[in-house]
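Please open the model in your viewer and keep the selection tool at hand. The tour has two stops.

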Amino acid sequence: MESCLLLDAGSGGRASQRLVKQCFLQQFANPLLERMDDAALLADLKGALAMSTDSYTVTPLFFAGGSIGSLAVHGTVNDVSMLGARPRYLSCGFILEEGLPLETLEQVVADMAVASRKANVPIVTGDTKVVPRGACDKMFINTTGIGEIFTANPPSGHNARPGDAVLVSGAVGDHGLTIMGSREGLSFLTDVATDSAPLNHMVAEILAAVGDVHVLRDPTRGGLATTLTEIAEQSQVGIELDETSIPVHEAVRNGCSFLGLDPLYLANEGKCICILPEAKAADALAAMRRSPYGQEAVCVGRVVAGRPQVTLRTRIGGQRLLGMLEGAQLPRIC
Amino acid sequence: MHSEKAYQDPDLCRALLQRLKNTLDGRSLRFMEVCGTHTVAIFQSGLRSLLPTEVTHLSGPGCPVCVTHDAEVAAFLDLAERDSLILATFGDLLRVPGPGGRSLKHAKAMGARVEMVYSPLDALRLAMAHPGDMVVFLGIGFETTAPAVAATLRTARERGIGNFCVFSLHKLVPPALRTLLEDTENNIEAFLLPGHVSTILGVEPYAFLAQEYHVPGVIGGFEPADILLALCRMAECLQKPSVVNAYPRAVDNAGNSRARALLEEVFQPSDALWRGLGRIAQSGLALRPQYADMDAVQRLGISLPHVPPLPGCRCGDVLKGRIAPPQCPLFAKKCTPSEPVGPCMVSTEGSCAAYYKYTER
């Protein structure tokens, strides 16, 4: 095979077949995919289903702790999980730029395969397109996930109730700062890595331990502050957070302080917010902490009756509003 | 950086708040900060909600994006539309609306080559990667940002890179402070002086505040305790105004002479247009004649067009501390962070954006 992708590889002919066989089938190895039919036959799904799709365009393709490949699996697995569902199958679509080094593609696919095995959610159908140079930036990936809902009342952003506790499964801001650091070559950000991780097992643990919860959300783009503001608006409740209890890794705090960023607005890819009645909080936290991805889980605040907004009690005892992120966060210039 | 945490200590802050109250002893204090990082720090830390009622916080012309004049915005928007040219800029400028609601973001979507960079050196790298195009860096910012631009120009000269130039819109802080004080209607009783700018300037360039205008100026850091300490020092010298360095762990009284020498080598003071403050003599930085070939103004023949003020926008009065953002009739109605009318709503460091983001309405 060529050392870089040619337009032929997306033609649907022999060249496409070679790419699919050598690159995807080998790595994703599972009987449903290997049938190579036009669609995957999913014969064993039961009950209500959850379905989610997401496209991944992150630049650079590789960053500390992950790549676009692992992200494309974790992101969709997590979105499906947040509905109180057990993700079962993934699809993936690749849009590849002509001239992409094959080695790069292989590395990304290998990362996807590892992530899919770790999450125990196979990739059962896929598609590849190669577009002329300049028509996309190296590689875009779309994944769609389908899962079985296993709770009587699926969690939703509309279900937060006054008196609920707000839990977070760990430190916030790692992913956002990592991407910004590797994108801009900020060499002083040596101690940060993405938190990208599959949360499906943790969600199953939480639901097994405490039964139904009111809200599950993963605070990805816009970070904790934007996601909680969305929830406050959807549920028409107030949310009060305590700044001292929100976990932020030292390196992230320092990097943010240097760049003038707010970690509460930075993306996460391996964290979930869980909002549930106060009485269940301790058990849910214990369940989160049993997961390798929930070791730093804590309660960060509470839901109150009142205006649909998020207020933060700051470290020094002051108060401020946390709004929604407007556009991208930019490092300060002065 | 680890020690910074000590300056967020709630007990220390409480003690400083008490000291501030005691010192003021019922007297009012109307202070202005002139640094976007201070604006954000005061809101973000929740400090604003804790300040005694006697203290009025004004947010002055300290955000580089906000003070960029309409005519300057119009000029770089025109520039973006020229062929064979790449405009390299800090991200904040992308969203600044110019005449007719145009912005660099729109220009980019319509095909203009606008690249967001994080440092002037990135812009120089861009020039090296595109030898067939002219890369123009939009130099905005105060004394803190300008030395890096000067260093980049010197590097470009040393490496003989011919397709790089700078459109210098840099501004100097002390002349703006003087202009603010000349207009007694602004009623500013004291300045919280910018920590970052002061690392370059030191203390002396502010001496005129106390000597000529009898207004105290205190250089402050950015953690809550830093700011509170600066306010305490301010309150303490209201009777006998002086200029005080309350941020000695970062600011040397003599400033940074190497950075100033670099500025001196590449730039010379020039008159500049400020939003809200108008033309201020010797408040900008123009490239020296020996750098004329890298001066976008000369090389590309840029002139600042006459631009009528944005209708209804009161950013100018906000920057002078005459009104608080919510007093502008457009605030949170026609002017929001998603659809900013004036630049004080665009930059995260702008006072309107900070009011919008952090305070209840």
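Predicted model: local features only at pLDDT ≥ 70, side-chain atom pairs only at ≥ 80, totals over all residues.

Residues are numbered from 1 along each chain as its sequence is written, and chains are lettered from A and ligands numbered from 1 in the order in which they are written.

**Chain A: the sheet**

Select β1, β6, β4 and β5 of chain A: in that order they form an open sheet of four strands with mixed pairing. Strands are DSSP runs of E, at least two residues, and helices runs of H or I, at least four, numbered from the N terminus; strands pair if DSSP finds at least two bridges between them. β1 (49-56) and β5 (123-131) are at the edges with a single partner strand each, so one side of each has no neighbour in the sheet.

Next, show β1(A) with β6 (residues 139-149): they pair antiparallel over eight bridges. A:Thr53 is opposite A:Thr144 in β6(A).

Angles run from 0 to 180 degrees between N-to-C directions, with axes fitted to C-alpha atoms, for helices over the stretch in contact.

**Chain B: two helices**

Select α1 (residues 10-24) and α12 (residues 224-236) of chain B, which pack at about 15° with axes 9 Å apart. They are therefore roughly parallel (angles under 35 degrees).

Terms used. Parallel < 35°, antiparallel > 145°, perpendicular 65-115°, else oblique.
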